[in-house]
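Please look through the sequence and the model shown here, and then read the short report that follows.

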Amino acid sequence: MSRWGNSKELTKASYDLVREHPEMNRWTVRATVFGALVGGVGVCVGLALAGVGGAMSDSSSSSASSSGDTLGLVALIAGAVIAIISVIAGLTAANLQLAGLVAMTDDVLHGREADVDRARAAAHSKLGTLAGW
């Protein structure tokens with residue numbers, strides 16, 4: 001069978017699986033929402049803090065105040081660190097939900113009942129690996 005034929009069959013099988021188990025759709029929605037909330041809120045806070053820090057550094061450079069310059073630099077660096085950590089946390093939150101989807105799919109494909117709690121526990125057991133990845 002051609003690559004297109006394999007792709008078409010795999011897509012049909014995937015849609016059939018999700019159609020039989022609609023609770024699987026919730027995992028992708030949660031991944032999107034959790035990733036956007038955790039990452040988005042943190043990135044907004046980090047960028048705002050970095051912007052304030054940058055503005056403080058720029059405005060204090062015209063005067064002779066070095067404490068404003070230092071405080072602005074600290075705020076700028078803290079904002080950048082918060083933004084980076086928030087991106088990582090948002091991706092981890094989304095990947096945690098997708099790991100639950102994978103665990104549930106594995107259960108269904110092995111003939112077990114689709115159980116949200118078991119899938120969530122399986123995903124949480126891999127939290128360290130997901131965060132590191």
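## A nonpolar patch on the surface

In this predicted model, helix α2, which covers residues 23-61, gives the most to a nonpolar patch, contributing seven residues. The patch lies on the surface and is formed by Val-29, Val-33, Phe-34, Leu-37, Val-38, Val-41, Val-45 and Ile-82, which together have about 630 Å² of accessible area. One of these patch residues, Val-41, has its place in helix α2.

## The chain as a whole

The protein chain is built with five helices and zero strands, and when its elements are read from the N terminus on, they run α-α-α-α-α.

Of the 133 residues in the protein chain, 30% are buried. The protein chain exposes about 8,600 Å², and 68% of this area is supplied by carbon and sulfur atoms.

## A buried aspartate

Asp-107 is found in helix α3, which covers residues 66-109. Is Asp-107 buried or exposed? The relative accessible area of Asp-107 is 6%, and because buried means under 20% relative accessible area, Asp-107 counts as buried. When residues up to four places away in sequence are not counted, Asp-107 touches Arg-112, Glu-113 and Arg-118.

Note on methods: Residues are numbered from 1 along each chain as its sequence is written. This is a predicted model: local features need pLDDT of at least 70, side-chain atom pairs count only at pLDDT 80 or more; totals for chains, interfaces and linings use all residues. Side-chain values use heavy atoms; hydrogens and water are left out. Helices (H or I, at least four residues) and strands (E, at least two) are DSSP runs, numbered from the N terminus. Buried means under 20% relative accessible area, exposed over 50%, partly exposed in between (1.4 Å probe, protein chains only). Accessible areas come from the Shrake-Rupley method with a 1.4 Å probe; for residues, only the protein chains shown count as cover. Contact means heavy atoms within 4.5 Å. Patches are made of residues with over 30% relative accessible area and no salt bridge: like charges are joined within 9 Å, nonpolar side chains (Val, Leu, Ile, Met, Phe, Trp, Tyr) within 5 Å. A salt bridge is a side-chain nitrogen of Lys or Arg within 4 Å of a carboxyl oxygen of Asp or Glu.
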